[in-house]
Amino acid sequence: AHACVASTNKNVRLSVATVIYNVCHTQPDVLAVLDVAKDVLAARTYEGEAIRRVLVGVGTLCLKSVTAKAHAQGLHLHTLVEFAASPFDAVTKQTAKEVYAALQ
């Protein structure tokens, strides 16, 4: 998945985000998923829908698992969520605020 994070193809980027979103609702290797999510949020090349999916995935993991939350805090995801959402619509920004709160 890391190899696809930097893709210049919009459909590949959306697919990466969708995989993160979908995997977060199963029993994933949470540490690896959060590592990829960090790369996506930091990339600044993803569209709003993709960022929203990643944010929902991250928020879901952090609410489901104290281990995931601790790892996300260690990755400093709280510093990326609102920044990654800032260029997008109000729904994406609100999602980022909720994920930020879940990371606290």
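## A contact at the start of α2

A polar contact here is a pair of N or O atoms within 3.5 Å; inside the protein, one of them has to be able to donate a hydrogen and the other to accept it. This is a predicted model, and a pair of that kind turns up at the start of α2, where a side-chain oxygen of Asn9 comes to within 2.7 Å of the backbone nitrogen of Asn11.

Which residues of α2 are buried? They are Arg13, Val16, Ala17 and Ile20. These cover an arc of only 90 degrees around the axis, so they sit on the same side of α2. As for partners, the buried residues of α2 pack against α1 (2-5), α3 (30-43) and α4 (48-64).

Twelve of the 17 residues of α4 are buried, which leaves the helix mostly covered. Among them are Ile51, Val54, Leu55, Val58 and Leu61, along with Arg52 and Thr60. What do they pack against? The buried residues of α4 meet α2, α3, α5 (66-74), α6 (78-85) and α7 (90-103).

## The nonpolar core

The largest nonpolar core holds 31 residues, and the ones touching the most other members are Ile20, Val40, Leu41 and Leu77. Each of α2, α3, α4, α5, α6 and α7 puts at least two residues into this core. In soluble globular proteins, nonpolar side chains tend to be buried together.

Leu41 is a handy one to click on. Setting aside its neighbours within four places in sequence, Leu41 is in contact with Ile51, Val54 and Leu55, and also with Leu77, Leu80, Val81 and Ala84.

## Two loop residues with positive phi

Arg44 lies in the loop between α3 and α4 and has a positive phi of about 60 degrees, although it is not a glycine. His76, in the loop between α5 and α6, likewise has a positive phi of about 60 degrees without being a glycine.

Conventions: Residues numbered from 1 in each chain as written. Predicted model: local features only at pLDDT ≥ 70, side-chain atom pairs only at ≥ 80, totals over all residues. Heavy atoms only, no water. Buried < 20%, exposed > 50% of the residue type's maximum accessible area, 1.4 Å probe, protein only. Helix = DSSP H or I, 4+ residues; strand = E, 2+ residues; numbered from the N terminus. Arc of directions from axis to C-beta. Contact = heavy atoms within 4.5 Å. Core = buried A, V, L, I, M, F, W, Y, C linked by side-chain atoms within 4.5 Å.
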